Amino acid sequence: METKVCRRSLLTESLALFCTGEKLSGGMPRNTPLAAAARAVELLPTDFSKALEFREIFGRSAPVEIDLGCGDGLFLAAMAEQNPGHDFLGIEQTIGRVRSTCRKITQKRLPNARVLRTEIADTVRHLLPPSSVEVIHLMFPDPWPKRRHHRRRLITEDFLRSIARALTAHGSLRIVTDHAEYFEQIARLLPRVPHLSRDSEASAYHSATSTFEERFRDRGAEIHRLRLRKVSEKARTLEHLPRQSEGSRREENP
Ligand SMILES: C[S@@+](CC[C@H](N)C(=O)[O-])C[C@H]1O[C@@H](n2cnc3c(N)ncnc32)[C@H](O)[C@@H]1O
């Protein structure tokens, strides 16, 4: 798909200048290589009928990780810094947070991180090519705690199916939330989503923390983690076979 650096509209012009202007690093001139790099950090989708081309975005072919709702970019930038062999794309719709992410990526001079300023669900459904993403991170999705707002929640059966489609053969989705009820709702959806299988080892898979994670940890909140692996239909059937045969054996020999 065609992605354009944020210089095309008035709105994006001001965003690009913010990313590259004095506020970025206390007096950095606009026409430095660093400023030019900052302008290229933020991308805007211009056509939702064409999937993203990661090779075009990052200028190379490498495993891709996506941070859905990357917020201020603390986690995205840390992960990109720790894993130079992977490419990291943040998806975020709030301008202020996109700016913060641009700033972190630019200050750390990370060639392997970008931010796409857009909406998550549309991106997952329409912009991620099939079997293209190694890891999708979803750190503290908005929980919409009031019952009447539950329909605004991002994670639905259809959303998880789209995630599964976008993941590579052994790709994974990693969800972290402080919200127990949302977490349980997600877990209840899983049996209805083919190709995603829950990993038992979900505690220690992140080597970086996000701003919301730090915030909740400081408050002593319980943090729930879920890692889902993509599995083929065949592997899924085999995974379930032992349990089914054990169950039927028990029925035969109570
Ligand atoms: C609770 S914050 C978590 C931010 C970050 N992941 C963290 O852990 O610090 C949720 C983030 O997702 C973004 N967000 C929520 N719904 C979104 C959507 N539908 N499309 C794009 N961004 C979204 C919000 O703007 C916000 O930055």
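I took a crossover as right-handed if, with the strands pointing away from the viewer, the path from the first strand over the helix to the second runs clockwise. Helices (H or I, at least four residues) and strands (E, at least two) are DSSP runs, numbered from the N terminus.

I worked on a predicted model, where local features need pLDDT of at least 70, side-chain atom pairs count only at pLDDT 80 or more, and totals for chains, interfaces and linings use all residues. Residues are numbered from 1 along each chain as its sequence is written.

I looked up strand 4, residues 87-92. Six of its six residues are buried (20 or more other C-beta atoms within 10 Å of the residue's own; exposed is 12 or fewer, partly exposed in between; C-beta atoms are placed from the backbone). Asp87, Leu89 and Ile91 point one way; Phe88, Gly90 and Glu92 point the other way.

I then checked pairing, which needs at least two DSSP bridges between two strands. Strand 3 (residues 64-68) pairs with strand 4 in the parallel sense over five bridges. Asp67 has Gly90 as its bridge partner in strand 4. Strand 5 (residues 113-117) also pairs with strand 4 in the parallel sense, over five bridges. There, Phe88 has Ala113 as its bridge partner.

**Crossovers.** Strand 3, helix 5 (residues 74-82) and strand 4 form a right-handed β-α-β unit. Strand 4, helix 6 and strand 5 form a right-handed one too.

**Helix 6.** I compared its span with expectation, 1.5 Å times one less than the number of residues. The 13 residues (95-107) should span 18 Å, and the end C-alpha atoms are 18 Å apart, so the two agree. Its buried residues include Val98, Cys102 and Ile105. Arg109 follows helix 6 with a positive phi, near 55°.
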